[in-house]
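Here's a quick tour of the model below, from the overall fold down to one residue. Have a look first, then read on.

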Amino acid sequence: MRVTPEDGIVVVTGAGSGLGRALAHVFAHKGFAVAGLGRRAEALEETAALCPGFFAVPVDIADAGAVRAAFATLPAPAVLVNNAAIYPRRDLLAETGESWAETVNSNLNGLVNCTLAALGPMVQRGQGRILNVATFADLNPLPGAAAYSVSKGAARIFTRALIADITDRFPGIVVSDWMPGMLATKMGIRDGLDPATAAAWGATLALLRDPSLTGSTFEMDREILPPRGLKNRVKDALLLRRRRPRVLSDL
Amino acid sequence: MSTLADHGDAPEGGWDALVIGTGIGGGTLGRRLAEAGMRVLFLEKGQADARSAENGLSEVALPEARAVRGLWPAPLTATVDGITQRFFAPLGSGPGGSSVFYAATLERPDRHDIDDTPGRPHPTGGWPLGFDTLAPSYAEAARLYRVYGTPDPLSPEVPLPLRAPPPLTAVEARLFDRLQRSGLHPYHAPTGIERIDGCRMCLGRKCPKACKMDGRSAGVEPALATGRARLVTGAEVTRLVMDGDRIAAVEATVDGTSRRFTARRIVLAGGALGSPRVLLRSACEDWPDGVANRSGLVGRNLMFHLNEILAVWPGLDGPPTKAVSFRDLYHRDGQRLGTVQAMGIRASYGEITYYLQRMLEGTRLAPLAPVARLPAALAARLLGSAQILVGLLEDLPYRENRVGADGHIHYTLHDELKARRRVFRRALRQAFRGQRGLLLGIAPDLNWGHPCGTLRFGHDPAHSVLRADGRTHDVENLWVADASFMPTSMGVNPSLTIAAFALHVADGMLGGRK
């Protein structure tokens with residue numbers, strides 16, 4: 001079960017740079033019409049120059065009203081990739097309420113704004129795909145990454161809350177998290193992965209819409225299963241239902 | 001969002017008929033009236049939902065979350081044999097009512113369910129409308145609900161007009177064969193599903209297409225399509241405003257605002273638990289015991305069915321079936337028992353856990369309920385490919401079994417019912433002797449999804465609430481079209497009977513139009 005260009009457009013947030021631009025590139029070359037959201041119009045235009053069928057949607061995703069207005073002009077989205085995030089390196093003692101809120105507004109509220117806007121048409125059709133670009137930063141927050149860790153961790157909780165609210169009603173809307181890995185982007189590390197490599201995985205995952213993917217977490221190209229306690233592992237073994245992580249190349 | 005139109009701006013007056021409730025009763029009746037040219041306003045307590053929704057019944061707890069799923073928002077409070085329980089019943093609230101969650105089984109009852117027949121005396125002396133009088137309405141309901149299936153080979157009656165059923169699956173063929181070899185007479189259960197392209201057999205859950213025929217797809221939606229009907233959702237009727245023996249207005253809370261709607265005819269179709277509550281809550285100076293309640297019977301004679309759940313192993317793995325039904329145990333040794341049918345589920349871990357826990361509840365073993373998970377896990381391994389059948393045991397009317405103005409249910413399991421249950425279980429064991437089958441229940445299991453009888457119809461105003469045509473004895477512009485009218489609960493699912501009666505009531509209303 002794969003999304004096709006006939007199903008609708010792909011929306012990528014944070015499409016003006018890094019992984020977002022690379023994702024837009026893959027979708028565009030697979031024949032999809034791609035709407036790229038981002039704050040900087042000129043950066044989006046650079047992406048557009050690389051991607052056939054790309055249209056730039058300059059908008060600050062932290063602005064709920066602007067996001068609603070932007071989506072209202074778009075054709076129905078088949079796929080939403082919530083990729084946009086900011087990563088200010090800042091010691092917590094240097095944060096102010098305002099600087100903190102800016103990160104949360106972008107990384108959490110921006111993701112929520114885009115998701116809510118995309119859900120309208122997806123619910124109407126009972127079909128859609130939402131892929132949230134996520135991180136394990138919340139598990140062991142690094143010094144200097146408090147706002148990022150908290151906001152991205154909260155975004156993972158949002159994924160679960162979204163599933164709790166919609167999946168029983170609209171199982172055709174498939175929602176999951178994806179950890180792209182450490183990338184050689186402005187946000188990532190110098191020796192990281194080529195964003196094009198990660199984008200190929202991310203786009204493949206975003207175009208899979210088997211309902212069993214809802215609630216799954218993929219890291220790079222393979223599934224990360226939720227940790228199971230000893231009791232449950234024994235039960236799984238007894239019931240012959242030990243789960244194996246899925247790998248993108250098999251799907 | 002794509003929803004059934006929510007006409008919150010619908011005019012409050014000038015309607016030919018105002019229908020309260022949009023389940024199979026209200027939906028079917030409203031459709032008939034609108035198609036015949038009447039202007040119809042539906043008031044539905046539940047919320048409009050996206051048409052693409054496909055959730056089933058669930059134990060989701062927050063009332064707001066239940067409401068958006070079309071589930072009855074509040075738990076039911078029931079005192080059964082003196083023990084009070086609160087639980088979520090398998091009831092819907094929203095366009096289509098409970099029927100959006102049903103398994104589309106549309107069985108016509110046997111003659112003895114309705115008539116007093118030789119050898120099979122009727123407990124109430126017979127319904128005021130006989131089997132033959134209702135037969136055309138049953139046939140019409142079967143056509144409207146696109147029912148397919150095969151006739152009951154044991155029935156001497158003219159069969160319902162049934163569409164050809166789909167061919168039997170391997171599992172179904174095996175079940176038919178096994179039952180026939182045991183001397184039973186299975187038939188393809190009458191089922192109200194259009195089977196359009198991409199049909200996913202939405203048994204027990206909302207169908208996202210106009211494919212499963214329910215109060216929405218076979219009722220409200222065709223009614224709205226006439227252009228003469230409107231639907232207001234989120235409209236909870238608070239009371240009927242009386243003017244002597246007529247209803248002057250229907251008061252409802254819509255989005256937190258109290259509004260008054262008026263129409264020449266009012267139809268109450270809030271279900272056997274909902275409709276009597278509206279009448280009782282509307283008590284006023286002229287109607288101290290509740291509207292249309294001079295008989296004192298409003299809310300009384302509440303009946304359910306008793307479920308006898310049975311796991312059967314056809315010896316083949318396959319998808320769950322709903323296709324098998326038989327009536328060999330329907331009436332035995334002079335006793336009213338009931339039909340046996342496939343439930344459309346397979347025994348899975350969750351279901352078996354549920355039944356084991358329900359079996360333990362209310363017994364001294366209740367503290368063991370969590371432990372039921374372990375045997376359930378084993379059972380799931382063993383029963384993996386079992387199909388679940390249910391025997392529906394008829395319940396009989398007792399005045400003290402009732403629902404009150406507050407919705408509280410009081411119910412006593414009478415010795416007579418318990419005795420018939422023993423007969424039924426014995427008959428079920430005999431029927432499945434030599435086959436791999438297992439009765440899953442221990443304690444009597446009331447079917448909370450099949451309430452009926454709380455506004456029974458009859459000729460005598462002292463002993464019934466409704467007249468034979470569904471109009472109330474006491475209030476001249478009030479009709480009822482839901483499971484409340486049934487004087488007895490029959491040995492089959494109530495859905496087709498509700499639809500047939502709704503059509504009969506609608507025809508009477510249309511005949512008396514001038």
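## Overall make-up

Chain B has 11 helices and 21 strands, taken as DSSP runs (helices H or I, at least four residues; strands E, at least two) and numbered from the N terminus. Mind that this is a predicted model: local features need pLDDT of at least 70, side-chain atom pairs count only at pLDDT 80 or more, and totals for chains, interfaces and linings use all residues. Residues are numbered from 1 along each chain as its sequence is written, chains are lettered from A and ligands numbered from 1 in the order written, and side-chain values use heavy atoms, with hydrogens and water left out.

Of chain B's 514 residues, 60% are buried (under 20% relative accessible area, 1.4 Å probe, protein chains only; exposed is over 50%, partly exposed in between).

## A buried glutamate

B:E394 sits in the loop between β16 (387–393) and β17 (402–403) of chain B. Buried or exposed? B:E394 counts as buried because its relative accessibility is 1%. Beyond four places in sequence, its contacts (heavy atoms within 4.5 Å) include B:D113, B:H305, B:R336 and B:R420.
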